[in-house]
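Me: I would like to go through this structure term by term, setting each value against the definition behind it. Please show me the sequence and the model before we start.

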Amino acid sequence: KNLKINKKKFIYLISPNKLTKNFYKNLDQVLKLNKISFFQMRFKKYSFIKKVGIGKKIKKICKKNKVIFLINDDPFLVKKIDADGCHLGQNDMNIVEARKIIEDKIIGITCHNSIKYAKIAIKNKASYLAFGSFFSSKTKKSKFKATTKILNQAKKLSKTNLVAIGGINSSNYKNLLLNNADFLAISSYIWQNKKYKPVEAVKNLK
């Protein structure tokens, strides 16, 4: 699936780690700003059934705001609620197996800081490649460190969209966009920001 997406909407928003009471309202307000291309639902601790319920609500909000709705790790959940696709880590289901379940929907692949992983993902026709962690993050402890060099190397390999992830905020994001990142995956800067509410945090990423 070739992504016809607007590069001006460079934010790839990832959900908080758990639902907060104003989550749906905040999500709707944030997506309304028209700066977000993707929203990824990532709730590691919830049961499949709970995620189906949450996912259906999120899907409506994404659809209304014309944002692509992806689900972390789980092609079966994608199929169940008919989301737009999924994001797979290196320890999740193989992309070839996932394709059998969700066919031509979007599948993005975590490549950490590895060109080898990137080449395999490109060969398997991944929709986008995600690299990181670029900075230290509150959301997820990562043992992989990436630099802009990997984005520049990956850009030479193919036209596949590149996503940068890990500790991205308003003071460090521009350099990634200048170095071939098509989209920036952001979570804690939006959802766990002590200083700014979600809408204000997004507005800081101009």
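Me: Leaving aside its neighbours within four places in sequence, which residues is Leu157 in contact with?

Reply: Once the neighbours within four places in sequence are set aside, Leu157 is in contact with Ile115, Ala118, Lys119 and Ile122, where contact means heavy atoms within 4.5 Å. This is a predicted model, in which local features need pLDDT of at least 70 and side-chain atom pairs count only at pLDDT 80 or more, while totals for chains, interfaces and linings use all residues. Residues are numbered from 1 along each chain as its sequence is written, and side-chain values use heavy atoms, with hydrogens and water left out.

Me: Why is Leu157 called partly exposed?

Reply: Leu157, which is found in helix H6, has a relative accessible area of 36%. Buried means under 20% relative accessible area and exposed means over 50%, with partly exposed in between, for a 1.4 Å probe and protein chains only. The value of 36% therefore places Leu157 in the partly exposed class.

Me: What makes Ala118 count as buried?

Reply: Ala118 has 0% relative accessibility, and therefore counts as buried. The place of Ala118 is in helix H5, and, apart from neighbours within four places in sequence, Ala118 is in contact with Cys111, Leu129, Phe131 and Leu157. Ala118 and Ala154 lie 36 residues apart in sequence, yet their C-alpha atoms are 7.2 Å apart in space.

Me: Why are H1 and H2 described as roughly parallel to each other?

Reply: The axes of H1 and H2 come within 9 Å and cross at roughly 25°, and H1 and H2 are therefore roughly parallel. The contact is made by Phe23, Tyr24, Leu27, Asp28, Leu31 and Lys32 of H1 and by Ile54, Lys57, Ile58, Ile61, Cys62 and Lys64 of H2. The contact of H1 with H2 divides into eight nonpolar, no polar and four charged residues.

Me: Which residues of helix H1 are buried, and what covers them?

Reply: In helix H1 (residues 23–32) the buried residues are Phe23, Asn26, Leu27, Asp28, Val30 and Leu31. Their cover includes strand S1 (11–14), strand S2 (36–41), helix H2 (48–64), helix H8 (188–191) and helix H9 (198–203). Asn34, found in the loop between H1 and S2, has a positive phi of about 65° although it is not a glycine.

Me: What makes the chain as compact as a globular protein of its length?

Reply: The chain has nine helices and eight strands, which are DSSP runs numbered from the N terminus (helices are H or I, at least four residues; strands are E, at least two). The radius of gyration of the chain is 16 Å, close to the 17 Å that the globule rule gives for 206 residues, so the chain is as compact as a globular protein of that length. The radius is taken over C-alpha atoms, and the rule is 2.2 Å times the number of residues to the power 0.38. Buried residues make up 54% of the 206 residues.

Key
Axes are lines fitted to C-alpha atoms, for helices over the stretch in contact, and angles run from 0 to 180 degrees between N-to-C directions. Angles under 35 degrees count as roughly parallel, over 145 as roughly antiparallel, 65 to 115 as roughly perpendicular and the rest as oblique. Ala, Val, Leu, Ile, Met, Phe, Trp, Tyr, Cys and Pro count as nonpolar, Asp, Glu, Lys and Arg as charged, and the others, Gly among them, as polar.
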